[in-house]
Amino acid sequence: MSRVYNFSAGPATLPEPVLQQAAEEMLDWRGTGTSVMEMSHRGKAFVSIAEQAEVDLRELLKVPDNYRVLFLQGGATAQFSAVPLNLLGSAGSADYVNTGSWSKKAIAEARKYASVNVVADGGSGDPMAIPPQSEWQRDPDAAYLHYCANETITGVEFPEIPESGDVPLVSDMSSTFLSRPLDVSRFGVIYAGAQKNFGPAGLTVVIVRDDLLDRASAQVPAIWDYQRQAGADSMLNTPATYSWYIAGLVFQWLKREGGLEAMAERNKRKADKLYAAIDGSSFYRNPVDPLARSWMNVPFVLADDQLDGTFLSEAAEAGLHTLKGHRSVGGMRASIYNAMPESGVDALIDFMADFERRHG
Ligand code: PMP
């Protein structure tokens, strides 16, 4: 077997012990004689898998009791509309921070239902930065304040949770969820697609504060209605059972690895050394303000973009895969989620230095 270092932004690399356990349990899950894929979502076996996943996730994130954890489908993209449909209530308007492509997509979707006030525009310019909160033009009557905690394409990440006062804070955490400890009590709603940091595509975790459950508009489709899904334990219809199971294995792996404090330490070390290698060279460049640099997605450009193709093919030969930057920005991007071992980052840094020696 030869596995490569996979720097894909998502679907992304998963912890090897999780894949091994899934392989061992593939044909016969713990003496049931069936694969998890083949189980009824309402049967005892799957319900125990689903419940354990929630218990473990709550423990990892220290989710307070007044929050519901939902395991839904539709990706973060479905949440771009579910959030306004569930939270607008009678307010009619919502505040959004724009720090890049995913913020813009959330804004465009919310505009179908709400009057959207963009409180600040960031994520452009050179270096790309997050506008300071003191400059945000907030609407005191907004139903909620939405931000994207980590812009996966450009690698712009909020170093801290913004202050929202009494206005419910909502965050798209797709590409940073579980990368470090999080004070869930600061939020109204958190959502994240699984395929970056905690599982296969098809599953989206939504964490909702109880008091926000009764604001849904009459138009909200039942499967996107947080209250109805909470009442049905996320099984209003057939959930993404296999993705839910794998996510549960990832939560157990995270606990064995020392939880989110240990992850934060490891992730910071991995990111710091990669940024140091980029900053220490005149051949590579990362265009993000050091205060807003992502721990998870590290974009970089080469001094000569004519070398991009050679870089990618030589990297692939060296076992370093999927380093091509998003089509909208070009260059390279190394996604270094929890499951990317430090040895993968070290191998990338060594390769980059060697490539620079030969081509710089
Ligand atoms: N938000 C962010 C920050 C993302 O990175 C992505 C996926 N790349 C999305 C939203 C969209 O997620 P999905 O494809 O799961 O709908």
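Start by selecting Trp-102. Trp-102 counts as buried because it has 24 C-beta neighbours inside 10 Å. Buried means 20 or more other C-beta atoms within 10 Å of the residue's own, exposed means 12 or fewer, and partly exposed lies in between; C-beta atoms are placed from the backbone.

Before moving on, know that this is a predicted model, where local features need pLDDT of at least 70, side-chain atom pairs count only at pLDDT 80 or more, and totals for chains, interfaces and linings use all residues. Residues are numbered from 1 along each chain as its sequence is written.

**Around Trp-102**

Show helix α4, residues 101-110, which holds Trp-102. Helices (H or I, at least four residues) and strands (E, at least two) are DSSP runs, numbered from the N terminus.

**The annotated positions**

UniProt, in an unreviewed entry, gives them the feature "binding site". They span 163 residues of sequence and are also spread in space, up to 30.0 Å between C-alpha atoms. UniProt positions follow the numbering used here, feature names are shortened, and annotations may be inferred rather than shown by experiment.

Go to Gln-195 in helix α5. Is Gln-195 buried or exposed? It is buried, because 23 C-beta neighbours lie inside 10 Å. Its contacts beyond four places in sequence are Gly-10, Pro-11, Ala-12, Pro-200 and Ala-201. Zoom in on Gly-10 and Pro-11: a cis peptide bond joins them, with omega about -5 degrees. Pro-11 sits in the loop between β1 (5-6) and α1 (16-24).

**Another cis bond**

Jump to Asp-126 and Pro-127. They too are joined by a cis peptide bond, with omega about 0 degrees. Pro-127 is in the loop between β4 (115-121) and β5 (145-148).

**Two domains**

Colour domain 1 (16-256) and domain 2 (258-359). These bounds come from an automatic or database domain assignment. Over C-alpha atoms, the domain centres are 26 Å apart. Where do they meet? In all, 25 residues of domain 1 contact 23 residues of domain 2. On the domain 1 side, β7 (156-157), α5 (194-197) and α7 (241-256) each supply at least two residues.

**Last stop**

Select Thr-322, in the loop between β13 (320-321) and β14 (332-335). Thr-322 is not a glycine, yet its phi is positive, about 60 degrees.

Note on methods: Two residues are in contact if their C-beta atoms, placed from the backbone, lie within 7 Å.
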